[in-house]
Amino acid sequence: MKKESKKLPQGLLEYTVELSAEEMKPYFDHAFEELSVNLKIDGFRPGKVPPETAKRHIGEAKILEEAAEHAINEKYQEIVLADKIIPAGLPEVHIQKIARDNPFVFKCTVPLFPVVKLGDYRKIKVKKEKIEVTDSQVDKILNDLRQTRRTEIIVDRPIVSTDKAEVDIEMFLNKVVLENGTAKNTAVIMNEPFYIPGFSEKILGAKKGEIREFSLKYPDDHYDKKMAGREIDFRVKINNVYEIKLPELNDEFVKTLGNFPDLSALKEQIKKNLIEEQELKADEKAELEILKQLIEISEFEEVPEVLVKRETETMFNEIESFLSQQNLRLNDYIEHLKKTKESMGKELAPKALERVKTSLALGELAQAQEIMVTDEEVLKEIEKSAITYANDPKTLEKLNSESYKNYIKQILTTRKVIENLKKDTLKD
């Protein structure tokens, strides 16, 4: 076998491989044997078809194709082992020459993991945000809890700032009703933000049956770019006015919410929850900043496009999973944004590249620090998941597969690397 290699842009390595006619003969023989063993021809038993008859029925092109596939697969594995390369994805193969009694030539383009030169990560210093919970934050949670137990009573009086109004809305642009610009029996909580600022103030003081007409400017950052910043005319009919009554904030109310002896105990629990929540957010923010700085001070060879595409697809899967929890479909979401999957993929690509670089840098750091994950640690993590899926045999089977174990091992390794990084770089 003759082979030549050369580096290409975008982290690709191209091999040109040539096998002599003599080297190819076993592959042709093997291909013919495989194709003819189950060949069915009237008048002959399977496996007993004369070679020349079998060749005519199979066709030379099919034999060449099968032989080439076997030769490429075998020689590719030999090259990978001999040159000690770690492909980042499947190779792209192009056959240059193939014919009986002639050399077989093919090109094989392999994406490679880029070489990473880590910067001095010990110099990274990130300050963690100070945690502070105010009384107003606690009061907001308390008010939200009261809202969950509120009662609504229809009243015959003008709308006040603490009411709920039920209204019909028509929206016009240049005196033409907007597409999807009508809404029936829309609930407007007067002391909560409406999606168009200023709307609630325009119907304040109106009574049931009253119609109000006014104009409002859509926010400049509205998701619908055709509407952002436009002056829209509104025609609003008041259908009903509801007085909202909230329960008294006292010990009796608190006891209906759970095992709290009094209001003071509930406030303490709310404050504790808020502190834990802010701690988690501050920790995540600091972690992202550490990883961002790690990428900035490190050097990367050109990242193959296949890695970015793979990470982009992972991001699409994450979006799809998030949407499914809200009973939404990815295609509908993309269409709502007036985009295509291709255009959205291009928008996600820079973030995908950043994520790939982060993964590469953490992998390099794991090697540099000789961070290891034991089989016991992997099994312990899998056992945690197995409890959740105890009645799901298919999922349990996946949890015990080698591929899933390797996946968990990678996650645990990354977790250890990040924890070590935080110890070295994070300061209060």
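Visitor: What makes Tyr121, Ile290 and Leu294 contacts of Leu421?

Guide: This is a predicted model. Contact means heavy atoms within 4.5 Å. Leu421 meets that with Tyr121, Ile290, Leu291, Leu294, Leu362, Leu365 and Leu426, once its neighbours within four places in sequence are left aside.

Visitor: Which residues touch the most other members of the largest nonpolar core?

Guide: They are Tyr121, Leu294, Phe300, Phe316, Leu362, Val417 and Leu421, and the core has 32 residues. At least two core residues come from each of α7 (263–297), α8 (305–324), α9 (330–336), α10 (341–368) and α13 (402–425). The most come from α10, with nine residues. There is also a second, separate core of 28 residues, and Leu13, Ala54, Tyr76 and Ile85 are among them.

Visitor: Why is Phe172 called buried?

Guide: Buried means under 20% relative accessible area. Phe172 has 18% relative accessibility, so Phe172 counts as buried. Phe172 is in strand β8. Beyond residues up to four places away in sequence, Phe172 touches Val177, Leu178, Ile232, Asp233 and Arg235. Asp233 is also its bridge partner in β11.

Visitor: How far is Phe172 from Asn331?

Guide: Their C-alpha atoms are separated by 29 Å. Along the chain, the two are 159 residues apart.

Visitor: Why is strand β8 called largely enclosed?

Guide: Strand β8 covers residues 164–173, and nine of its 10 residues are buried, so the rest of the structure largely encloses it.

Visitor: How do you know that β8 pairs with β9 and with β11?

Guide: Two strands pair if DSSP finds at least two bridges between them. β8 and β9 (residues 176–189) have eight bridges, in the antiparallel sense. β8 and β11 (residues 231–245) have nine bridges, also antiparallel. Both pairs therefore meet the cut-off of at least two bridges. One of the bridges to β9 joins Ile169 and Ala183.

Visitor: What lies between the strands in the hairpin of β8 and β9?

Guide: Two residues lie there. In this hairpin, Asn174 takes a positive phi near 55 degrees.

Visitor: Is Asn239 buried or exposed?

Guide: The cut-off for buried is under 20%. Asn239 has a relative accessible area of 14%, so Asn239 is buried. Its place is in strand β11. Leaving aside neighbours within four places in sequence, Asn239 is in contact with Glu166, Val167, Asp168, Asn185 and Lys208.

Visitor: What makes the link between Asn239 and Asn185 a polar contact?

Guide: A polar contact needs a pair of N or O atoms within 3.5 Å, one able to donate a hydrogen and the other to accept it. The side chains of Asn239 and Asn185 are joined at 2.9 Å, so the pair is within that limit.

Visitor: How much of the chain is buried?

Guide: Buried residues make up 34% of the 428 residues. The accessible surface comes to about 27,900 Å², and 50% of that belongs to carbon and sulfur atoms.

How values were computed:
Residues numbered from 1 in each chain as written. Predicted model: local features only at pLDDT ≥ 70, side-chain atom pairs only at ≥ 80, totals over all residues. Heavy atoms only, no water. Buried < 20%, exposed > 50% of the residue type's maximum accessible area, 1.4 Å probe, protein only. Helix = DSSP H or I, 4+ residues; strand = E, 2+ residues; numbered from the N terminus. Core = buried A, V, L, I, M, F, W, Y, C linked by side-chain atoms within 4.5 Å. Areas by Shrake-Rupley, 256 points an atom, 1.4 Å probe, with all protein chains shown as cover.
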